[in-house]
Protein chains: 2
Amino acid sequence: MRLSRYFLPLLKETPSEAQIVSHQLMLRAGMIRQEGAGIYAWLPLGFRVLKKIERIVREEQDRAGAVEMLMPTIQQAELWRESGRYDAYGKEMLRIKDRGEREMLYGPTNEEMITEIFRAGIRSYKDLPKLLYHIQWKFRDEIRPRFGVMRGREFLMKDAYSFDFDEAGARRSYNRMFVAYLRTFARMGLTSIPMRAETGPIGGDLSHEFIILADTGESAVYCDRRLLELPVPGADTDFEGDLQPIIDRYTSYYAATDEKHDAAAFEKQIAEADRIAARGIEVGHIFYFGTKYSEPMRAHVTGPDGKERPVEMGSYGVGVSRLAGAIIEAHHDEAGCKWPVPVAPFHVGLVNLKAGDAGTDDACERLYAALEREGVETLYDDTGARPGEKFARMDLIGLPYQLIVGPRGLENGVVEIKRRADGAREELAPEAAAEKLVADIRAALAVA
Amino acid sequence: MRLSRYFLPLLKETPSEAQIVSHQLMLRAGMIRQEGAGIYAWLPLGFRVLKKIERIVREEQDRAGAVEMLMPTIQQAELWRESGRYDAYGKEMLRIKDRGEREMLYGPTNEEMITEIFRAGIRSYKDLPKLLYHIQWKFRDEIRPRFGVMRGREFLMKDAYSFDFDEAGARRSYNRMFVAYLRTFARMGLTSIPMRAETGPIGGDLSHEFIILADTGESAVYCDRRLLELPVPGADTDFEGDLQPIIDRYTSYYAATDEKHDAAAFEKQIAEADRIAARGIEVGHIFYFGTKYSEPMRAHVTGPDGKERPVEMGSYGVGVSRLAGAIIEAHHDEAGCKWPVPVAPFHVGLVNLKAGDAGTDDACERLYAALEREGVETLYDDTGARPGEKFARMDLIGLPYQLIVGPRGLENGVVEIKRRADGAREELAPEAAAEKLVADIRAALAVA
């Protein structure tokens, strides 16, 4: 993509309403624009990050055996009356009346709707298990939307729902999502910690939040340092097999959010050097809630004995739009974002230090074509801005690699690669630089 | 995908509320489920079609040089007051109040918001042209939602917006979208006809609807048969070059919707045998409206003379969710859907005629693995249903190819391929059948 054709409206000043670094950087780097309290447009650069996060979430849901579908944003009030949540949900639910005065709402979550869809289509234990998911915009009318996309009102979420005949089956579905979540966040460059959590308005007995550590997190969290070093289950994980040993291993260490924290157990179970008391950001939450919805909504299946019983359910959420902010919280410095390759808006920023100079333009065009041909996503700064402005811009938007091309280097037969993560620089012949970038980026994109 | 793990709730009866064949088939084939008047959930099979349509739209927008972003579904009323459309829009706009009694709305279109985003980021003619698009759910509170996804209330749309310094530039942007639309619909197996149209509430001077012919279409349309035979611009079209000759060629033939129809000209310009008076479905609509929004909303750019002037704009819509229905209207028979390969939910339906028979199961597993390995999307009917039910189901969901495997054929060393489009059947050795399917599907997916 040529920057001259792109739409990248950077802000010079940090907007005063942005309190945390991810919100500041997303605004300054032209990733988002506020269109109302807690409502954002995703400008082209931010949109690319959002899509990459979404793709990783999707790939890992598919790998775990979940089937994708899509429910609408607008729901009927009557559906929520069946479960009893219409009145219980409170003011966070955005309630709407259409032209015929029918009561509707902008879905804050989808347990009721998926239960209705399930009960209309499935009648027998023979058709179980089912594991369905969708990635859709939701709305929660927060009283104080803040922190940009981290706590917006309109937000993108992946939610999955499992349907099993008995608790053992439901536990297997839960385990699939548990492992999928560990993989999902790791692929984005995040170390996530599953923590026993309160089930809140979703309900149920068993629940884990997936938390990443960040100073700006809203939750106080406590865990064992050794949890952070556990190996992430590989792409060769057999999701049809027994995942319980993986879950047991992860849950054998102390880890709890504030509400579940037990100071005595924390101190007893963990050596002092391994105790982590920190702040965290919730990026996923999984629930096993049994028949909480299937019973009142009569989502029944017939068992082998011919008797009907309510289906066992769980639900599994990932905050897709929130993750864009969470990743920045984990990967940035004073100059800007530092995107991990798998979620970077582009892989390489190609910096032409003297646009208009025939030799420099020509070298840049060749490099641009060579990188794009190999699938390396390149943002080519072909504008007439001064070098200092170009460098600051590239640091701010935080592409993993900068490829810097100027007349002086070219005289010596070299261009420069700068790695954003650690600032390491290297001079190479243009062809060698392109080859190195292709190889490094392919390696970083390989799914382990 | 194994059917036993999939969620494909077919309906035995045609629901009485469905008047047109695409609505009937989408319900019967388990593609969609109604969740409110004009509001649908996209079940897994329908979702796959929707995603494929979306991908083709995206690829052709990108090819034409448009840059993707994403605007939110919920908009502020005040934005629409700036353009004067808040009061003018009427009851089709879904108006919402949040918990703070702020007036909001579910966006029926995005001219106001994109104009606001543009004016905040672009100040100079040097930064033009810009061509931005998004693919997002919209809501129009139709008084009579009908025809399933063809005229729903919550619907998915691609809308693009162009920003140019002068009318000549705006015309070039318009031409890019004109050509992109011809390509987009052709890739889905649709012959679209651009027709001069009224601009309606969007406004402006120049507008074309893209219409496909179908008996169930809502518009009466009139055109020259020779238009249907014009070559579609190829993938090698230079969108940076002069596209006017392509547009001139397409617009040199008579073509008009009801409102613009001139019976005298129709009869004068076209030989009787070439006159088509038919019904059509609008699948796209493009507008050049100049400064209709940029003037009241003060989206100004500075010209080379240092003077400010309102930017020249156009907007360009494709009905993404509507297209799923439109494609069925164009491709079906009494037994069900007949999906063109590029938008088919799966490419091949693998039919195991005797699930549980070791030899048949084994042959199916090998074929399934071989097809999936080559990227052929296969729905494997591994269920215990009887052959007649399996055949009817495959015909109903309309995958382009059926690969039928039974013990009798295997004794003779053959399996059967049935092509859904014309019912042609062929017996081949299993390996040869897989190879043929891979080759045929690759050929059908190649982008010309």
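Predicted model: local features only at pLDDT ≥ 70, side-chain atom pairs only at ≥ 80, totals over all residues.

Residues are numbered from 1 along each chain as its sequence is written, chains are lettered from A and ligands numbered from 1 in the order in which they are written, and side-chain values use heavy atoms, with hydrogens and water left out.

The interface, then. Taking contact as heavy atoms within 4.5 Å, 62 residues of chain A touch 61 residues of chain B. The two chains bury about 5,000 Å² between them, and 59% of that is on carbon and sulfur atoms. Buried area here is the accessible area, with a 1.4 Å probe, that two parts lose on being put together, summed over both. On the chain A side, Arg5(A), Phe7(A) and Arg99(A) supply 16% of the area that this chain buries against chain B, more than any other three residues.

How many salt bridges cross the interface of chain A and chain B? The rule finds six, a salt bridge being a side-chain nitrogen of Lys or Arg within 4 Å of a carboxyl oxygen of Asp or Glu. Arg153(A) pairs in this way with Asp98(B), the closest N and O atoms being 2.9 Å apart.

Over all chains, the count by this rule comes to 80 salt bridges. In chain A, one joins Arg81(A) and Glu103(A), at 2.8 Å from N to O. Arg81(A) is in helix α3 (residues 77-83) and Glu103(A) in strand β6 (residues 103-106) of chain A, so the pair ties together parts 22 residues apart in sequence. Helices (H or I, at least four residues) and strands (E, at least two) are DSSP runs, numbered from the N terminus.

In chain B, Glu82(B) and Arg119(B) form a salt bridge at 2.7 Å, N to O. Glu82(B) lies in helix α3 (residues 77-83) and Arg119(B) in helix α5 (residues 111-121) of chain B, so this pair ties together parts 37 residues apart in sequence.

Also in a salt bridge are Arg309(B) and Glu312(B), with closest N and O atoms 3.7 Å apart. Is Glu312(B) buried or exposed? At 9% relative accessibility Glu312(B) is buried, whereas Arg309(B), at 33%, is partly exposed. Buried means under 20% relative accessible area, exposed over 50%, and partly exposed in between, with a 1.4 Å probe and protein chains only.

Last, Glu59(A), Glu60(A), Arg63(A), Arg183(A) and Arg187(A) are linked in a network of salt bridges.
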